[in-house]
Structure formats: C-alpha cells, structure tokens
Amino acid sequence: MDSGTLLRVCAAALALLLTLGCSVPIAANLAEQEANEAIVALEAAGVVAAKEPDPSTEGRWQLSVPQGDAVAAVSVLSEQNLPFRSAPGVLQAMGQGSLVPSRTLEHTQWLAGTAGDLESSLRSIDGVLSARVHLAAPAKDAFDLNDALPEPSASVLLRHRGATPPIATGDVQRLVAGAVPGLSPERVDVISSTAPPLRKRPDRLLAQLGPITVTQASLTPLKSIVAGAIALNVLLVGVLGWFWLRSKKQLARLAEFEGGPARAGEP
C-alpha cells in the first residue's frame with residue numbers, strides 16, 4: 001500500500017468517527033429541572049440526550065442529541081409538552097409593576113403570581129406533566145359603594161401520565177381554593193387529560209457497546225466503525241513494522257557497502 005492510499009483510508013475513518021460524534025442542540029435556555037424532565041422523557045423514548053451549560057445564558061442549560069436523532073427528539077418533546085415553561089410566581093409578577101402602580105394592576109399581578117405558584121405546586125407532583133391555573137377574582141373598588149361582588153372562581157387544566165390522574169380532583173380544588181381568599185372548592189373546575197404513552201420503536205431501543213450507550217439502529221454502524229478503527233490500527237502497526245524492517249535492511253546494506261573496500265585491501 002502506498003502512502004497516498006494510506007492517507008485516504010485514514011481520512012475516511014476520521015470522517016466516519018466525526019460524523020458519529022456530531023451532536024446538535026434541540027433546546028436551550030432551560031432551568032435545570034426543565035432540562036432533567038426533558039432528558040427523562042427522551043431516554044424513556046430511546047433517545048440519548050446530553051445536558052450542557054448554555055453558552056449564551058449563564059446558569060441555564062441546553063440539550064443536545066446526535067444529529068440523526070434530532071427529528072425524533074423534537075417529536076418526543078412536542079408530544080410530552082416539554083420543556084414546560086413555568087409561569088412567574090407572586091414575587092416575580094409583583095416585581096413587574098409600572099412606574100405608577102394602580103390597585104387594579106397590582107391585583108392582576110397578584111392573581112397571575114398566585115396562579116404561577118399553584119402551577120409550580122401541581123407540577124411538583126409525580127406524574128403531572130403540565131398544569132395551567134386560571135383565576136377569576138374581581139378586586140373591590142374603593143369608590144364602588146356596591147359591596148356585592150361576583151364570587152371568585154378558578155379553572156385548572158392538568159396533563160398527566162397514565163390513565164388515572166396522580167392527584168384527586170377534590171385535592172386540586174382544596175389546594176387552589178386555599179390560595180385565593182373567598183374562593184370555595186366547589187367553584188374550582190378541574191379538567192384532566194392523559195398524555196400519549198411513550199412508545200419505543202425497535203430501532204430506538206438502547207444498547208451498550210462497552211462504556212458507550214447507543215440506539216439499536218446505531219449499534220451496527222458503531223461496531224463497523226470500531227472494527228474499522230481496530231483494523232486501521234493493525235494496518236498502521238504493520239506499515240510501521242514494514243518501514244522499520246526496510247530501513248534496517250537498508251542500514252545493513254549501507255554498512256556492508258562502506259566496509260567492503262576496507263576488507264578488500266586486507267592481506
């Protein structure tokens with residue numbers, strides 16, 4: 001094998017290894033909990049994902065998957081409504097006031113913050129994928145002499161895994177009613193929906209090759225690349241051995257040639 005062919009073989013093997021290791025980001029600017037939830041869903045569907053610090057936002061994370069799994073990963077996250085963006089809580093909502101706050105604006109911000117805190121509490125329950133809370137609690141106007149106000153009400157939309165909600169409807173009603181003064185549990189409507197189950201396609205099942213975790217579809221190409229790398233190393237060792245033997249023979253011939261005239265002049 002000449003040196004040009006050897007270089008072409010090495011370049012082809014390197015290109016295959018680089019292609020295998022190429023990954024693309026599919027989600028960025030995530031809180032750590034959001035990133036962890038997405039990774040759990042992806043791995044349950046047979047997609048290997050990596051969590052890395054987001055280079056564009058300090059303290060946030062991004063998710064990367066192999067380039068060939070990007071479409072499947074985005075599809076899984078879309079089906080599972082992940083990553084879920086949490087609504088701001090009371091402290092965050094009240095900190096977004098205008099320069100001239102009004103009673104109505106502050107009340108609206110308080111409702112939005114309370115709904116955000118309730119959503120976070122519901123999402124902390126194992127099995128709840130997403131939660132939306134809508135509160136309707138009119139604020140009393142100080143200039144309105146009519147004390148009669150509509151009763152507060154609320155509606156909750158839960159999306160969960162499995163056929164049975166992980167929290168009973170009555171518990172959700174009591175949780176929401178306890179956060180809003182004057183709201184009775186009976187005035188809280190709860191709607192639950194089941195997320196589609198995660199189904200692994202046969203080619204998405206995970207397999208181990210030494211310390212590397214890959215999908216079944218990638219296992220055969222990876223084995224071929226590993227076998228090719230081993231063969232390439234053996235070939236390189238053989239070529240180096242051939243060069244070493246050749247150089248040794250040339251040195252021996254050179255030594256014999258240089259010592260020939262001296263031996264010819266000897267008595």
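Val226, Ile230 and Val234 together make a nonpolar surface patch of about 260 Å². Patches here take residues with over 30% relative accessible area and no salt bridge, joining nonpolar side chains (Val, Leu, Ile, Met, Phe, Trp, Tyr) within 5 Å and like charges within 9 Å. Accessible areas come from the Shrake-Rupley method with a 1.4 Å probe, and for residues only the protein chains shown count as cover; a salt bridge is a side-chain nitrogen of Lys or Arg within 4 Å of a carboxyl oxygen of Asp or Glu. This is a predicted model, in which local features need pLDDT of at least 70, side-chain atom pairs count only at pLDDT 80 or more, and totals for chains, interfaces and linings use all residues. Residues are numbered from 1 along each chain as its sequence is written, and side-chain values use heavy atoms, leaving out hydrogens and water.

**Where the patch sits**
- Ile230 belongs to helix H7, residues 216-264 (helices, H or I, of at least four residues and strands, E, of at least two are DSSP runs, numbered from the N terminus).

**The open sheet**
- Three strands line up in the order S1-S3-S2, with antiparallel pairing (strands pair if DSSP finds at least two bridges between them).
- At the edges are S1 (23-30) and S2 (50-53), each pairing on one side only.
- S1 and S3 (residues 61-66) share 5 bridges, and Pro25 has Ser64 in S3 as its bridge partner.

**Strands S4 to S6**
- S4 (residues 128-136) runs antiparallel to S5 (residues 153-160), joined by 8 bridges; Ser130 stands opposite Arg159 in S5.
- S5 pairs in the parallel sense with S6 (residues 188-194) over 7 bridges, and Ser155 has Asp189 in S6 as its bridge partner.
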